[in-house]
Amino acid sequence: MSVSSGQPVPDFTASATGDTQITLSDYRGRQVVIYFYPKDSTPGCTTEGGDFRDRKADFEAANTVVLGVSRDGLRAHENFKAKQGFNFELISDKDEALCQLFDVIKLKKLYGKEHLGIERSTFLIDTDGKLAREWRKVKVKGHVEEVLDAARELNATS
């Protein structure tokens, strides 16, 4: 089962950086951006994370929390977060439970070889825990601005 627009996102708990457990229901009353990225410390993922980092205050002003997710382990996440100065938590999804829930594992091609990997995707969850917006096959350039605009708009109507 995967999430769909307008429907409640099933509650989950996952391990994240900062020695924390992230539970979605703990964020009721706030909007949540969950962005899935393929791999720590790669150029596109570094740029995307940096764009979210640089707009954190704007997301907070829109009553929105940002969380990043990949299949990397917590140690890699901690290093990536520290090196890039990320001011939000990164969730480790080694068992792919969240990837399956949000249906982001796709067949990809790299150097002519096919493999299963995370399709860069972002989800905006409203204050009641329902999926408000989703972006799939994300291109990094300009993406964070688009998500921020949607978060501001959603916040203004709630």
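Which residues of helix α3 (residues 74–84) are buried?

1. Basis of the note. This is a predicted model, in which local features need pLDDT of at least 70 and side-chain atom pairs count only at pLDDT 80 or more, while totals for chains, interfaces and linings use all residues. Residues are numbered from 1 along each chain as its sequence is written, and side-chain values use heavy atoms, with hydrogens and water left out.

2. Helix α3. The buried residues of α3 are His-77, Phe-80 and Lys-81; buried means under 20% relative accessible area, exposed over 50%, and partly exposed in between, with a 1.4 Å probe and protein chains only. Helices (H or I, at least four residues) and strands (E, at least two) are DSSP runs numbered from the N terminus. Seen down the axis of α3, the buried residues fall within an arc of 95°, so they line one face of the helix; the arc is that of the directions from the helix axis to the C-beta atoms. The face turned away from this buried side carries the exposed residues Arg-75, Asn-79, Ala-82 and Lys-83.

3. Surroundings of α3. The buried residues of α3 pack against α1, β4 and β5 (89–92), where contact means heavy atoms within 4.5 Å. After α3 comes Gly-85, with a positive phi near 65°.

4. Length and buried face of α5. Helix α5 (residues 143–157) has 15 residues, which at 1.5 Å a residue should span 21 Å; its end C-alpha atoms are 22 Å apart, which agrees. The expected span is 1.5 Å times one less than the number of residues in the helix. His-143, Val-144, Val-147, Leu-148, Ala-150, Ala-151 and Leu-154 are buried in α5. Viewed down the axis of α5, these buried residues fall within an arc of 160°, so they line one face of the helix. An α-helix has 3.6 residues a turn, so residues three or four places apart point the same way.

5. Surroundings of α5. The buried residues of α5 pack against β3 (31–36), α1 (43–54), α2, β4, β8 (121–125) and β9 (131–135). On the face turned away from the buried side, α5 carries the exposed residues Glu-153, Ala-156 and Thr-157.

6. Helix α1. With twelve residues, α1 reaches 16 Å from its first C-alpha to its last, close to the 16 Å expected at 1.5 Å a residue. Cys-45, Glu-48, Gly-49, Gly-50 and Phe-52 are buried in α1, and what covers the buried residues of this helix includes β3, α2, β4, α3, β8 and α5. Thr-47 is also found in α1 but counts as partly exposed, at 42% relative accessibility. The C-alpha atoms of Thr-47 and Ser-5, which are 42 residues apart along the chain, are separated by 27 Å.

7. The largest pocket. The largest pocket has a volume of about 150 Å³. Of the 13 residues that line it, the closest to its centre are Lys-56, Glu-60, Val-65, Val-66 and Phe-88. On a 1 Å grid over the protein atoms alone, a pocket is an open set of points where a 1.4 Å probe fits, with protein on both sides within 12 Å along at least five of seven lines; lining residues have an atom within 4 Å of a point. Grid points are joined across faces, edges and corners, and the volume is the space filled by probe spheres set on the points.

8. Composition of the lining. α2 (56–61) and β4 (64–70) each supply at least two residues of the lining of the largest pocket. The largest share, four residues, comes from β4. By type, the lining divides into seven nonpolar, two polar and four charged residues; Ala, Val, Leu, Ile, Met, Phe, Trp, Tyr, Cys and Pro count as nonpolar, Asp, Glu, Lys and Arg as charged, and the others, Gly among them, as polar.

9. Positive phi in loops. Ser-41 lies in the loop between β3 and α1 and has a positive phi of about 60° although it is not a glycine. Asp-103, in the loop between α4 (97–101) and β6 (105–110), has a positive phi near 55° and is likewise a residue other than glycine. Asp-103 counts as partly exposed at 32% relative accessibility.

10. Ser-15. Ser-15 is found in strand β1 (residues 13–16) and counts as partly exposed at 29% relative accessibility. Ser-15 and Ile-91 are 76 residues apart in sequence and 5.9 Å apart in space, C-alpha to C-alpha. Not counting residues up to four places away in sequence, Ser-15 touches Thr-20, Gln-21, Leu-74, Leu-90, Ile-91 and Ser-92.
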